[in-house]
Amino acid sequence: MSSDKFLHKDGLLKLKDNKLIIIIGAIYFVAVPLFCRNSPYFLSVIINYSILSCISLGVWLTFSIGRINIGQAAFVGIGGYTTAILITKLGMSFWISFLLSGVIAAFFSLLLGFVLLRLKGIYFSMITLTLTASINLVFLNTDFITQGANGIMNIPRPGAVNIGNFTIIPSFRTENYYILFYYLVSIILLVCFICIWRLYNSRIGWIFRALRQNETLAQSIGINIIKYRIMAYTICGFLGGIGGSLFVVYIQNIFPDSFKVVDSINYMLYCFLGGLDYIFGPILGSFLLTICFELLRTIQKYQNLIYAIIIICLMLWLPNGIMSIKLPKKIKLLLNKK
Amino acid sequence: MVNQIIINGMILGSTYALIALGLTLVFGIMKIINFAHGQMYMLGTFTTYYVYSIFGYNFLVALLCSIFVLAVIGAIFERYLYRRVLGFAKREEVAMLLSVGTALLIEDSALIFFGEKRKGVKPVLEGVYHIFNTYIPAQRIFIFLIAISAIVIFLVLMQKTKTGRALRALAQDKEVTCLMGVNVKKVSMLGFAIAAGLAGVTGAVLALEYPIYAGSGTAISIKAFTMLMIGGAGVIPGAIIGGFILGMLESIGYGVFGGSETYLLIYASVIVFLSFRPHGIMGKPWG
């Protein structure tokens with residue numbers, strides 16, 4: 001891999017004078033609310049893919065240290081159940097549970113990371129796959145907390161956040177909660193994206209790149225590989241946790257197998273489709289595949305089959321993701337890219 | 001009771017070892033994990049169902065058909081999908097996602113063509129034997145014998161024949177094998193076909209005991225991965241050991257605990273075991 005690529009990889013997303021950012025920002029925060037205010041379907045598609053993007057950003061981070069992580073659904077489940085239990089059994093507000101789910105999921109990924117990250121390559125992939133399956137079984141068998149196979153249902157939507165008499169965040173328990181959810185997840189996605197972008201372009205990000213290329217070599221020049229790979233895995237767990245928390249208040253229920261192996265594989269797929277070398281990759285990938293899945297909804301019976309065929313075709317013809325396609329010169333000039 | 005658990009474990013372990021062997025063979029020669037192995041097993045069960053139950057042929061004919069069909073499918077996958085992808089993909093994970101895609105493809109096609117209802121086949125042999133104070137259905141002994149013979153045939157194939165030597169060489173070092181004059185393309189295709197054939201045997205054999213439905217692939221895939229993790233990936237004795245150990249653990253678990261806690265405990269112990277020995281019992285370091 002030439003280092004040249006790493007330097008210009010996210011050139012498309014440089015925050016200064018780039019028309020693409022303004023266009024996307026305008027669409028997101030002005031156009032969509034304006035036109036889609038009364039169509040919950042479109043908003044729900046966007047909400048869906050936004051939460052999936054947050055989760056996939058976590059998986060992307062583990063890809064960036066060279067590990068294939070098929071265990072993200074476990075942490076999404078942990079985050080989801082944490083929120084569900086805190087809201088229904090302890091009566092906490094969503095906003096605190098949201099942060100706590102992220103923290104608790106990060107805590108578990110920290111503990112598990114010590115053991116799991118010793119494995120490399122396919123062993124790591126296999127053990128994370130097993131982790132997903134085991135966490136489903138854990139939720140199924142711990143009846144006293146998680147209500148087992150019955151799941152937790154009728155989880156109330158987030159309430160308002162008031163300081164004194166002033167409402168900062170309006171209550172979600174009203175009629176038009178879709179637009180509120182839309183703003184919430186979009187802002188959270190934006191924050192996550194900026195944080196990951198900042199992280200990856202900092203010194204720690206370069207250490208992650210070093211870990212990906214050759215862990216032993218990185219260790220030999222003095223990098224504490226254990227600390228950094230656990231750091232990456234913990235952040236991945238945190239993102240999974242907050243994603244699970246968002247899903248739970250959006251769908252308003254959770255069951256032991258709400259997040260299973262096929263979901264883990266999907267998160268991985270979104271990263272792949274978008275392009276593993278680009279931070280924007282998982283967001284683009286989840287966007288495209290969610291849209292694609294919705295469009296296929298009309299052919300209900302063949303939906304999954306065509307989805308599988310699309311995956312295979314992508315691997316055959318576009319193995320490095322969509323963002324690896326080089327734009328023709330005219331479009332590059334239009335977007336002001338250097 | 002203990003005898004019963006042990007006998008059940010041995011029989012289960014022999015069939016599991018077959019699955020693990022197929023997966024380890026593919027991993028050894030192509031360095032990818034075949035996610036679709038469970039789905040291939042599922043196709044084996046359906047082939048057996050159709051040839052044995054619907055068309056009414058002898059079970060052994062169904063077994064051979066199942067091996068043949070799976071081997072053809074395996075060869076096609078290798079020739080047209082994997083060979084292309086392994087040739088030019090920059091990252092090795094692409095092949096793994098391709099195997100995920102093929103798994104989804106097989107599972108969803110099966111759902112569409114065969115429907116969602118669970119099916120079963122008539123038993124081949126009736127009667128129960130009473131040996132060593134345990135009850136063993138005659139059919140289980142039949143399954144055990146077929147599984148053991150398949151394992152023995154496979155081992156003989158790998159040790160004594162030219163193809164087997166070529167496969168083992170390919171697993172050790174691909175470039176040097178090319179230099180030795182082996183037609184790597186043909187051998188890879190054969191290897192994948194043999195692995196798929198093993199999945200077919202397991203499918204045929206377990207179709208007698210367990211329900212046949214399109215979703216049975218995923219659970220088998222996860223079990224196969226667990227066996228590989230226990231025994232070590234890419235190593236043939238490791239696969240057999242892993243298969244038998246998982247069979248015994250499952251049998252003990254169901255005998256003592258029962259229900260869904262069994263696999264939870266198995267997974268937890270595997271994770272603990274891997275923290276001490278990350279590469280499995282006989283695995284080589286990988287990564």
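Tutor: Setting aside neighbours within four places in sequence, B:Leu86 has contacts with B:Met30 and B:Ala95; two residues are in contact if their C-beta atoms, placed from the backbone, lie within 7 Å. This is a predicted model, in which local features need pLDDT of at least 70 and side-chain atom pairs count only at pLDDT 80 or more, while totals for chains, interfaces and linings use all residues. Residues are numbered from 1 along each chain as its sequence is written, and chains are lettered from A and ligands numbered from 1 in the order in which they are written.

Student: Why is B:Leu86 called partly exposed?

Tutor: A residue is buried if 20 or more other C-beta atoms lie within 10 Å of its own, exposed if 12 or fewer, and partly exposed in between, with C-beta atoms placed from the backbone. B:Leu86 has 17 other C-beta atoms within 10 Å, so B:Leu86 is partly exposed.

Student: What makes the place of B:Leu86 a helix?

Tutor: B:Leu86 is in helix α3 of chain B. Helices (H or I, at least four residues) and strands (E, at least two) are DSSP runs, numbered from the N terminus. B:Leu86 and B:Ile67 are 19 residues apart in sequence and 26 Å apart in space, C-alpha to C-alpha.

Student: How do you know whether the radius of gyration of chain B agrees with a compact globule?

Tutor: The radius is taken over C-alpha atoms, and the globule rule is 2.2 Å times the number of residues to the power 0.38. For 287 residues a compact globule would have a radius near 19 Å, and chain B has 19 Å, so the two agree. The C-alpha trace of chain B spans about 55 × 50 × 35 Å along its principal axes. Of the 287 residues in chain B, 53% are buried.

Student: What makes a set of residues a nonpolar core?

Tutor: Its members are buried Ala, Val, Leu, Ile, Met, Phe, Trp, Tyr and Cys residues joined through C-beta atoms within 7 Å. The largest such core has 195 residues, and B:Ala20, B:Leu21 and B:Leu228 have the most contacts inside it. Helix α1 (residues 2-30) of chain B gives the most to this core, with 14 residues. The contacts of B:Leu228 beyond four places in sequence include A:Met126 and B:Ala20.

Student: How do you know that β1 and β2 of chain B pair?

Tutor: Two strands pair if DSSP finds at least two bridges between them. Strand β1 (residues 128-131) and strand β2 (residues 134-137) of chain B have 4 bridges and run in the antiparallel sense. B:His130 stands opposite B:Tyr135 in β2(B). The hairpin of these strands has 2 residues between them, and B:Phe132 there takes a positive phi near 45 degrees.

Student: Which residues make up the contact between the chains?

Tutor: The contact takes 41 residues from chain B and 37 residues from chain A. On the side of chain B that touches chain A, α4(B) gives the most, with 13 residues.
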